[in-house]
Amino acid sequence: MLRKYIPKLNGKLRPLGIPAIADKLLQTAVAKILEAIYEQDFLQCSYGYRPGTGAHRAVKDLSATLRTGRYAMVVEADIKGFFDHIDHDLMLNLLRRRIDDKPLLNLIRRWLKAGILDTDGQVLHPVTGTPQGGILSPLLANIYLDDLDKELERRGLNFCRYADDLVLFVGSERSGDRILESLTAWIAKHLKLRVNVNKSGVGRPWNGKFLGFRITKNGKIGPAKASLDKLKAEVRRHWNAQLSLKLEDRVIGWQRYIRGWWNYFCLCEYRRPIIILESWMRRHMRKYFWQRWHNRQGRLHALRRLKAKPYHLKQASGSVGTWRLARSPMLQTVLNNARLRRWGLWVPSDFCDNLSR
């Protein structure tokens, strides 16, 4: 198994385990078998990595529950390093409850214990965890947390869970604190996992986030602040003129990113933060072009090519900073929204006519 790292929003790296082709094929076959056995047992409030469900459905059901007005508070519980700390023995014991096939169990055990070739050439032998990136890992995660779902149902609690992201609905802060404390102890005892106290807590629904979204005070779905911060970071990265990249490749990369972003966040009903951010995105694009034109001669040539007015040409030799100039009437006229759109420099509203809601 090969180890790869992808960056997280907090600057840290998320480790992925990429299995070999033969293991991918075998894991796909085993996942089909396990899915047929366990899918009938999973509760409907578990949405992650299951057929017919997904993040959008989870967020919609979360919003619908909050709109009933029955719950004033929510409990957000985050399991610390969930995929990396799944206990192998407990995982196999859970599988033995339903599977009486020693060769199959031994195969899963070998996958859990398989060595991982790290980026520095060292082979790591994990004692806990199931690698993120493995075909079988998401299903094993749901099997591991199914007892947690059943425990919450036994307690009569209403909740939504997507993998290790858990939101419980409660009537008051006091009851939420009591439930979180009890839940933390139960998870430590029965699942051998720890709740991340820094990312867990009790609060108003509109102050929290779930799968990149948040629910406003009037029950509408909107983007979470962390999601907008991540979008801003991507805008800065894509339109950094110091990054050596052909314009054509830069545009294609941006189109892929913003299309994928909108495909996920088109669920938002409260879109004002996205609309506000669009002018900021275009400002970064205009700044990029001004920097790409390098100097007075290059800028004059570019402005003439774009049929700028004579009084606009005077600003080619100005000493105003590029970020300030990027929002000037001159550059907003020469590189107006329609022109940026024709060049393929899209923003979310270019995918949706009614984004201005």
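This is a predicted model: local features need pLDDT of at least 70, side-chain atom pairs count only at pLDDT 80 or more; totals for chains, interfaces and linings use all residues.
The residues concerned are Leu104, Leu105, Ile108, Trp111 and Leu112. They lie on the same side of helix 4, because the arc that they cover around the axis is only 120°. At the N-terminal end, helix 4 is capped by Asp101, a side-chain oxygen of which lies 3.1 Å from the backbone nitrogen of Leu104, and Leu104 is itself one of the buried residues of the helix.

With regard to the chain as a whole, 14 helices and ten strands were assigned, and the C-alpha atoms fill a box of roughly 80 × 55 × 30 Å when taken along the principal axes. The chain has 357 residues, of which 46% count as buried. Among contacts with a separation of 6 or more, 70% are accounted for by residues 24 or more positions apart.

The lining of the largest cavity is formed by Leu62, Leu66, Val74, Glu76, Val167, Pro205, Gly208, Lys209, Phe210, Phe213, Arg214 and Ile215. At least two lining residues are supplied by each of helix 2 (55-67), strand 3 (73-78) and strand 9 (213-215), and the largest share, three residues, comes from strand 9. Helix 2 also contains Ser63, which counts as buried because its relative accessibility is 3%, below the cut-off of 20%. Neighbours within four places in sequence being left aside, Ser63 is in contact with Ile215, Gly219 and Ile221; of these, Ile215 is also among the residues that line the largest cavity.

Two further positions were considered individually. His238 is located in helix 7 (residues 225-238) and is buried, its relative accessible area being 11%. The side chain of His238 makes a polar contact, at 3.3 Å, with the side chain of Arg237. When neighbours within four places in sequence are set aside, the residues in contact with His238 are Arg250, Gly253, Trp254 and Tyr257.

Thr322, by contrast, counts as partly exposed, because its relative accessibility of 23% falls between the limits of 20% for buried and 50% for exposed residues. Thr322 belongs to helix 12 (residues 322-325), and, residues up to four places away in sequence not being counted, it touches Lys287, Trp290 and Gln291. Between Thr322 and Arg98 there is a separation of 224 residues in sequence and, from C-alpha to C-alpha, of 64 Å in space.

Conventions. Residues are numbered from 1 along each chain as its sequence is written. Side-chain values use heavy atoms; hydrogens and water are left out. Buried means under 20% relative accessible area, exposed over 50%, partly exposed in between (1.4 Å probe, protein chains only). Helices (H or I, at least four residues) and strands (E, at least two) are DSSP runs, numbered from the N terminus. The arc is that of the directions from the helix axis to the C-beta atoms. A polar contact is a pair of N or O atoms within 3.5 Å; within protein, one must be able to donate a hydrogen and the other to accept it, and residues adjacent in sequence count only if both atoms are side-chain atoms. Contact means heavy atoms within 4.5 Å. On a 1 Å grid over the protein atoms alone, a cavity is a set of points where a 1.4 Å probe fits but cannot get out, and a pocket is an open set with protein on both sides within 12 Å along at least five of seven lines; lining residues have an atom within 4 Å of a point.
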